[in-house]
Amino acid sequence: YKPNDTIVCKAKATAYAGQAIDGANVKYRVVRNTQLPYWFWWYRPHYPAPAEVEITNGTGKTNDTGGVVIKFKALPDERYTEKDNATLNYSVYIDVTDISGETHSTQQSINVGYQSLLLSVNVGDKLNKAEVKKLTVSATNLNYTPEKTTGTLRIFSLKKPEHIFRSRLWQQPDKH
């Protein structure tokens with residue numbers, strides 16, 4: 001999902017015995033949390049922490065198979081732009097109450113963002129030439145569901161300087 005998309009969240013109400021609960025009252029609530037990347041705070045430490053915002057709430061009834069469908073718009077956090085690389089986490093809280101008054105609650109989280117893939121490479125502490133062909137690269141969407149993708153992985157050796165020079169903070173050390 002991308003910001004401003006319509007998200008469809010499906011749930012199924014079942015009793016402890018496993019049968020579907022038909023015609024039960026459903027109360028739902030959708031809350032947005034904004035998660036910023038760890039590097040965001042290094043160059044913008046003056047921003048306040050993102051607050052939790054309720055997007056929508058409502059009531060409904062389950063259908064004959066015990067299912068309920070909740071649709072809501074993934075409203076972005078206007079304080080942050082696409083270049084801030086924020087991830088929007090929508091938590092959907094659902095309470096189902098059957099005709100006997102028994103209530104079951106559940107929660108589902110849906111991550112939405114401007115980036116579509118999370119790439120991870122399984123690399124140890126040191127990398128040998130022989131191990132390069134054994135690298136594992138995995139791609140998932142923001143909800144950690146594996147995604148098929150193709151690409152090119154390039155590895156470069158860094159050139160280290162011959163001498164490292166640091167400027168002194170004072171003239172001469174007073175103790176050795």
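Begin by selecting Phe72 and Tyr90: both residues are buried, a class that requires under 20% relative accessible area, with exposed set at over 50% and partly exposed in between (1.4 Å probe, protein chains only). The model is predicted, so local features need pLDDT of at least 70 and side-chain atom pairs pLDDT 80 or more, while totals for chains, interfaces and linings use all residues. Residues are numbered from 1 along each chain as its sequence is written, and side-chain values use heavy atoms, leaving out hydrogens and water.

**The aromatic pair**

Keep the two rings in view. A search of the whole structure finds 1 aromatic pair. Phe72 and Tyr90 form this pair, which is tilted, at 5.7 Å centre to centre and 50° between the planes. Rings of Phe, Tyr and Trp (its six-membered ring) pair if their centres lie within 6.5 Å; planes under 30 degrees apart count as stacked, over 60 as edge-to-face and the rest as tilted. The pair links distant parts of the chain, with Phe72 in strand E4 (residues 67-73) and Tyr90 in strand E5 (residues 87-97), 18 residues apart. Strands (E, at least two residues) are DSSP runs, numbered from the N terminus.

**The sheet around E5**

Next, select E5, where 8 of the 11 residues are buried.

Strand E2 (residues 25-35) is joined to E5 by 11 bridges and runs antiparallel to it. Select Arg29 to find Tyr93 of E5 opposite.

Now turn to E5 and E6, an antiparallel pairing over 11 bridges. Here Val92 stands opposite Gln108 in E6, and Val96 opposite His104 in E6. These strands form a hairpin with 5 residues between them, and Gly101 in the turn has a positive phi of about 95°.

Finally, select Val137, in strand E8 (residues 136-140). Val137 counts as partly exposed because its relative accessibility is 46%. Which residues make the nonpolar surface patch of about 720 Å²? The patch is made by Leu117, Leu119, Val121, Val123, Leu127, Val132, Val137, Leu153 and Ile155.

Key: Helix = DSSP H or I, 4+ residues; strand = E, 2+ residues; numbered from the N terminus. Pairing = 2+ DSSP bridges. Patch = residues over 30% accessible without salt bridge, like charges linked within 9 Å, V, L, I, M, F, W, Y side chains within 5 Å. Areas by Shrake-Rupley, 256 points an atom, 1.4 Å probe, with all protein chains shown as cover. Salt bridge = Lys/Arg side-chain N within 4 Å of Asp/Glu carboxyl O.
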